[in-house]
Amino acid sequence: MTCNSDPTIAASLLAGHSLSVVIPFYNEQGNCLALLEELQQALTNLPCPWEVICVNDGSRDGTQAELNQARQQLGGHVVLIQFSRNFGQSAAMQAGIDNARGDIIVTLDGDRQNDPADIPAIITELIGKDLDMVAGWRKNRQDSELDRKLPSRIANLLIRKVTGIDIKDNGCSLKAFRASVIKQITLMGEMHRFIPAWVSGVTDPSRIGELAVNHRARTTGQSKYGLSRTYRVILDLIVVRFFMRFARRPGHFFGGIGMLSGSIGALMLFYLLALKLFTGADIGGRPLLFTGILLVITSIQLITTGILSELQARNKPVHYPTRSATANGDRTWSQHEQ
């Protein structure tokens with residue numbers, strides 16, 4: 001499916017909704033103002049109020065100054081959040097989502113490789129097909145083969161196999177969500193590339209769609225990704241798989257291993273006990289005795305860990321310290337506010 005939509009259909013679908021666009025920026029001087037001007041042009045005729053939340057993820061260049069200029073030039077619907085240091089893309093996305101007021105939330109990268117002109121089509125797809133999430137698919141990706149496309153193919157293949165979510169391009173930041181769904185998820189570490197898997201934990205996977213979108217070559221700044229992220233994807237996938245299966249019942253994971261360990265240890269000890277009682281054999285120095293005792297102790301520790309994990313299963317959302325943020329009293333919607 002390609003990214004095109006009938007303006008008349010889009011207008012009827014979007015009426016009554018509100019949109020928040022979340023964009024994380026990290027050392028993107030030269031891209032910020034141009035991207036926000038493109039966004040303004042793409043959404044000017046949108047038949048619903050909208051805002052854009054720009055999260056400066058601890059940039060060390062002129063990113064913040066450029067964002068300040070964009071707010072002055074474009075208006076109060078440009079909301080600025082500045083982190084006190086670099087926390088990563090997942091943290092920046094989470095901060096933007098937490099501050100979003102729209103019932104529809106769109107995320108995209110700050111490097112101008114995602115095309116803001118695709119936003120009306122992707123949210124039309126979301127609402128028109130009654131989905132909870134639509135992921136962008138960079139079908140004709142404009143990146144180098146070795147350090148960007150190859151790691152992405154490997155990562156996407158692994159993610160599809162492990163999570164069972166059939167999304168071709170998990171790494172595309174251009175995504176649309178219903179706020180009621182995405183706000184149930186807390187993004188930490190580098191979990192932004194696994195958003196479809198996390199979303200599948202709060203809604204049916206059939207309500208997750210995909211749409212081919214435009215992708216552009218980077219013209220300013222340097223990429224933050226490369227081959228080194230592939231091994232991190234594997235480590236993160238282990239965590240994702242665990243949470244997909246055991247997030248609401250971690251005691252079953254640790255307890256299951258603990259019960260297996262304890263059962264094997266108990267069988268060893270009962271065997272040695274029977275050997276001692278019926279044959280009088282000396283069992284005190286046998287390796288099997290120490291192995292059985294170790295397995296039983298390990299079992300107790302694992303079951304206890306499972307119980308503690310159950311108590312910690314409902315952690316509070318993480319809040320990232322910020323140096324400054326646009327005050328709520330200064331925030332407005334776009335000129336389309338009804």
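The legends below describe close-up views of a predicted model.

**View 1. Helix α11 and its buried residues.** Helix α11 covers residues 287-311, and its 25 residues should span 36 Å at 1.5 Å a residue, which agrees with the 36 Å that separates its end C-alpha atoms. The buried residues of this helix are Leu289, Gly292, Ser299, Leu302, Gly306 and Ser309, and these buried residues pack against α10. In an α-helix there are 3.6 residues a turn, so residues three or four places apart point the same way.

**View 2. Ala266 in helix α10 and its distance to Val296.** Ala266 is found in helix α10, which is made up of residues 250-279. Although Ala266 and Val296 are 30 residues apart in sequence, their C-alpha atoms are 6.7 Å apart in space. Ala266 has a relative accessible area of 26% and is therefore partly exposed, since buried would require a value under 20%.

**View 3. Arg112 in the loop between β4 and α5.** The loop that holds Arg112 lies between β4 (104-107) and α5 (119-128). Arg112 has a phi near 70 degrees, a positive value in a residue other than glycine; most residues other than glycine have a negative phi. With a relative accessible area of 22%, Arg112 is partly exposed.

**View 4. Asp130 in the loop between α5 and β5.** Asp130 is found in the loop that runs between α5 and β5 (133-138). Its phi is positive, at about 55 degrees, although Asp130 is not a glycine. The relative accessible area of Asp130 is 44%, so this residue is partly exposed.

Definitions and conventions. Residues are numbered from 1 along each chain as its sequence is written. This is a predicted model: local features need pLDDT of at least 70, side-chain atom pairs count only at pLDDT 80 or more; totals for chains, interfaces and linings use all residues. Side-chain values use heavy atoms; hydrogens and water are left out. Helices (H or I, at least four residues) and strands (E, at least two) are DSSP runs, numbered from the N terminus. Buried means under 20% relative accessible area, exposed over 50%, partly exposed in between (1.4 Å probe, protein chains only). The expected span of a helix is 1.5 Å times one less than its number of residues. Contact means heavy atoms within 4.5 Å.
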